[in-house]
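Dear colleague,

I am handing over the structure we spoke about, and my notes on it follow directly below. Please read them with the coordinates open beside you.

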Amino acid sequence: MTYIDLFAGCGGLSLGFESVNFNLVFAVEKSPMAAETFYHNLIKNINHQQEWNNYLNISDEEKLSQGLFVGETLSLLEKPELLNQIKSKIGELDLIVGGPPCQGFSLAGKRNPKDHRNMLPWQYLEYVDIFKPKAVLMENVLGMRQNFNKHNEKSPFKQIKQYLEECTPKYVVQELQLNAMHYGVAQHRPRVMLLAIRKDIANQKKLFALDDIWKSEYYYENREISPLCPIPTTKKNKPFTVEDALSDLISGKKTEYVNKLNSKSGFSKVVKKTLNKEVILNQIERKHTDKVTLRFRIYQYLSNNNVSSKIFNLSSKYKTQEDEQLLTDIKNMLTNCEFPAKSPDGKLIANTKKILLDLILELGTKKHSQRPLKLNYPSPTVVSIPDDVIHPIYPRAMTVREQARFQSFPDYFEFRSKETTGGEKRKTEVPQYTQVGNAVPPLMAREIAKLIKQLIS
C-alpha cells in the first residue's frame with residue numbers, strides 16, 4: 001500500500017506504517033536536521049556528512065524520486081507539475097498521514113487562529129484534494145479540538161473534519177483521542193487524531209464513524225465503538241513503565257518492552273542500519289554542575305518521600321530566608337521524610353532534617369517544574385526540551401536514547417544532527433531531543449497502520 005507522509009519529522013509515523021508493509025511514495029519535512037534522521041533511517045544510511053550535504057543540493061525532482069522532499073509543504077504545492085508526475089506514475093494513492101506543526105493549536109500558546117502556522121493543516125488538505133487517497137490520518141495535540149472562543153471561530157480540528165466530510169470525494173471521519181500507553185508505549189501521551197476513510201470505500205464496507213470523539217480509555221469501559229477506532233493492545237491498568245523502558249540501562253536486565261522494540265520482526269526490517277543492533281545509539285549522558293547534581297539528588301529523595309519539588313521555590317515568597325514562617329513551612333513538608341537522607345544511587349545527602357533544610361534554602365530556585373521520573377509509572381509526555389525531567393536513579397537529565405525508549409523507537413534507530421540547542425535557535429532548529437519529542441510513537445503508529453490496512457484493503 002502506498003502513502004505520503006507530510007510534516008514527517010524524524011519518521012515516527014513512517015516507521016510504524018513501513019513496519020506493516022506500507023510503501024512510502026514521498027515524505028515532506030521542512031527541517032534539514034529532522035530530515036537527516038528520516039533519510040538515514042528510512043531511506044539510506046549516511047556514512048559521511050558530505051553525503052547528506054550533497055542530497056540537500058540535488059534538484060527537487062531528484063529528492064522526490066528518492067522519497068524525501070526537504071522543504072516547506074507549500075513550496076512543493078507551488079510545483080504542481082512534479083505532483084502530477086507522481087500522481088500519474090503511482091495511480092490511486094492509499095493514504096496520506098501527517099501531523100502539522102501544532103504550536104498554533106496548543107492550549108499553552110496564544111492560540112490565535114490568524115497565526116500563520118495554523119495555515120499548515122490547510123496545506124495538508126490541498127494534498128488530499130490533489131491525490132484523493134483512500135484514507136487520511138492527521139495527528140495533533142489535544143488543544144487542536146478547542147474552539148477559538150475569543151475569536152468566535154471553530155477549532156481547527158472541527159473545521160478540518162467538516163472539510164473532509166464535504167469535499168470531493170467525501171470522507172467518513174472519526175475523531176480520536178488516543179493515549180500511547182494504551183498501545184504498548186511506556187509513556188502517558190494523549191493525542192487527538194482524525195481518521196478518515198473515503199466514502200465510497202466506507203459505504204462498500206459498511207464503515208461508520210461515531211458522532212463524537214472516541215477516546216482509547218473508552219475501550220476499557222466497554223463503550224460504543226466504530227470500525228475506525230484502533231483497539232488498545234495494553235491490558236487494563238497494566239501499561240509499560242519507566243522501569244520497563246530503562247531496566248537494562250540501569251541494572252543490565254532486558255525487559256519484554258525493550259526486547260519488543262529491538263526484535264528482528266517489525267522495525268528491524270525497516271530501519272536502514274549498518275551498526276550492530278546491540279550498540280545503543282544516542283546514549284550520551286548529560287553533564288551538570290555539582291550544585292545542579294546535588295539539587296537533582298534532593299529532588300529524587302523528596303519524590304521518594306512524597307514531597308513536592310516546589311519546596312525549593314518557597315523562599316521566593318518571603319522577604320528573607322530567615323523568615324520563621326518559611327522555616328516552619330519547609331519543616332512541615334519534611335515531617336515524614338526518612339533520615340539519613342540518601343539519593344537513589346546511594347549517595348548521602350544529609351544526616352539530619354536541619355542539614356537538609358539548609359541545603360534546600362541554599363539551592364533554592366524559581367524553576368520548580370523539574371521532577372524525577374517514577375520507575376513504576378509510564379513516563380509523562382516526552383517533550384522537545386527535556387530540561388525538566390530527571391532520571392529516576394541517576395542525578396542527571398535524560399539522554400536522547402532514554403527519551404526515545406519512552407517513545408518506542410528501537411535502539412538501532414539513530415537520531416542525527418546535533419543533540420540540543422538553545423536561545424533563539426530553538427525557534428528554527430530541530431536537534432535530536434526535539435526530533436524525539438515531536439515524533440508519533442512508532443508502536444502506536446503501527447497499531448493504527450494495521451487498522452487502516454484492514455479498512456482499505
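Before the details, one cut-off is needed: a residue is called buried when its relative accessible area is under 20%, exposed when that area is over 50%, and partly exposed in between. Please also keep in mind throughout that this is a predicted model.

I would begin with strand S5, residues 135–140. Ala135, Leu137 and Glu139 point one way from S5, while Val136, Met138 and Asn140 point the other way, and all of these residues are buried. Because six of the six residues of S5 are buried, the strand is largely enclosed by the rest of the structure.

What, then, lies on either side of S5 in the sheet order S3-S2-S1-S4-S5-S7-S6-S8? In that order S5 stands between S4 and S7, within an open sheet of eight strands whose pairing is mixed. The edge strands of this sheet are S3 (68–70) and S8 (214–215), each of which pairs on one side only.

With strand S7 (residues 190–198), by contrast, S5 pairs in the antiparallel sense over six bridges. Here Asn140 has Val192 in S7 as its bridge partner, and Leu137 stands opposite Leu195, also in S7.

Helix H17 (residues 442–456) lies across S4, S5, S6 and S7, and it runs at about 15 degrees to S7.

In general, most residues other than glycine have a negative phi, and most peptide bonds are trans. Against that background, a cis peptide bond joins Thr168 and Pro169, with omega at about -5 degrees, and Pro169 is placed in the loop between H8 and S6. Another cis peptide bond joins Phe339 and Pro340, with omega at about 0 degrees, and Pro340 lies in the loop between helix H13 (324–333) and strand S9 (341–342).

Positive phi values occur at Lys132 and at Asn222, neither of which is a glycine. For Lys132, phi is near 45 degrees; this residue is in the loop between helix H7 (120–131) and S5, and its relative accessible area of 34% makes it partly exposed. For Asn222, phi is about 55 degrees; this residue is found in the loop between S8 and helix H10, and with a relative accessible area of 73% it counts as exposed.

The loop between S8 and H10 (242–250) also holds Ile225, which counts as partly exposed because its relative accessibility is 31%. Together with Tyr219 and Ile231, Ile225 forms a nonpolar patch on the surface, and the three residues have about 230 Å² of accessible area together.

With best regards

Methods. Residues are numbered from 1 along each chain as its sequence is written. This is a predicted model: local features need pLDDT of at least 70, side-chain atom pairs count only at pLDDT 80 or more; totals for chains, interfaces and linings use all residues. Side-chain values use heavy atoms; hydrogens and water are left out. Buried means under 20% relative accessible area, exposed over 50%, partly exposed in between (1.4 Å probe, protein chains only). Helices (H or I, at least four residues) and strands (E, at least two) are DSSP runs, numbered from the N terminus. Two strands pair if DSSP finds at least two bridges between them. Contact means heavy atoms within 4.5 Å. Axes are lines fitted to C-alpha atoms, for helices over the stretch in contact, and angles run from 0 to 180 degrees between N-to-C directions. Patches are made of residues with over 30% relative accessible area and no salt bridge: like charges are joined within 9 Å, nonpolar side chains (Val, Leu, Ile, Met, Phe, Trp, Tyr) within 5 Å. Accessible areas come from the Shrake-Rupley method with a 1.4 Å probe; for residues, only the protein chains shown count as cover. A salt bridge is a side-chain nitrogen of Lys or Arg within 4 Å of a carboxyl oxygen of Asp or Glu.
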